[in-house]
Amino acid sequence: MIIEGRAGIGAVMGSKNLFGVAVMGRGKVVPADPAASTAALRTAMKVIRESRGIQALMKHGTMGDYVANSVAGDFPTKNWRPNFQDRAEAIYEAYAANNLIRNASCHRGCPVACGRVVHVIAGERTAPISLS
Ligand code: SF4
């Protein structure tokens, strides 16, 4: 299951009493010009992979912004007040050293793989390693 929880989409859906939208099909999507479609896709993938911003996402995942976002007060915790400024770097380094297992993609075709598989080794959320 994929849950879309960013950008207030859920709030808008809730205000319309809309619980969910599901789209399903059985047909195959065939481009009008398969060769041009493949060429455009390859170009797009190359541009994505060569982007410095994307390379940072590939290397650090969305957690890579943790320290800068903390300093900027860009966390929703405690009503957007900066609250980890003095500890953000140590928190990120501890996470990277102790919990990070590998990159993860939402789906096979994503070249970014900004997600992370992590192991929670202690505390309330302790969990076994899951590589699924
Ligand atoms: S589709 Fe790719 S870039 Fe988007 S969230 Fe998933 S892994 Fe990250």
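## A loop residue to start with

Let's begin with A113, which counts as partly exposed because it has 14 C-beta neighbours inside 10 Å. (A residue is buried if 20 or more other C-beta atoms lie within 10 Å of its own, exposed if 12 or fewer, and partly exposed in between, with C-beta atoms placed from the backbone.) A113 sits in the loop between β1 and β2 (115-118). Its phi is positive, about 55°, although A113 is not a glycine.

Before we continue, two notes on how to read all this. Residues are numbered from 1 along each chain as its sequence is written. The model is predicted, so local features need pLDDT of at least 70 and side-chain atom pairs count only at pLDDT 80 or more, while totals for chains, interfaces and linings use all residues.

## The chain as a whole

Of the chain's 132 residues, 2% count as buried. Among contacts with a separation of 6 or more, 33% are between residues 24 or more positions apart. (Two residues are in contact if their C-beta atoms, placed from the backbone, lie within 7 Å.)

## Around the ligand

A113 turns up again here: the ligand is surrounded by S105, C106, C110, V112, A113, C114 and G115. (To count as near a molecule, a residue needs its C-beta atom, placed from the backbone, within 6 Å of it.)

What kinds of residue make up this shell? Five are nonpolar, two are polar and none is charged. (Ala, Val, Leu, Ile, Met, Phe, Trp, Tyr, Cys and Pro count as nonpolar; Asp, Glu, Lys and Arg as charged; the others, Gly among them, as polar.)

## N103 in the strand

Now look at N103, which is found in strand β1 (residues 100-104). N103 touches M58, G61, A113 and R116, leaving aside residues up to four places away in sequence. N103 and G115 are 12 residues apart in sequence, with 5.8 Å from C-alpha to C-alpha.

Why does N103 count as partly exposed? Because it has 16 C-beta neighbours inside 10 Å.

## Another positive phi

N17 lies in the loop between α1 (9-15) and α2 (34-50). The phi of N17 is positive, near 60°, and N17 is a residue other than glycine. N17 counts as exposed because it has 6 C-beta neighbours inside 10 Å.

Key. Helix = DSSP H or I, 4+ residues; strand = E, 2+ residues; numbered from the N terminus.
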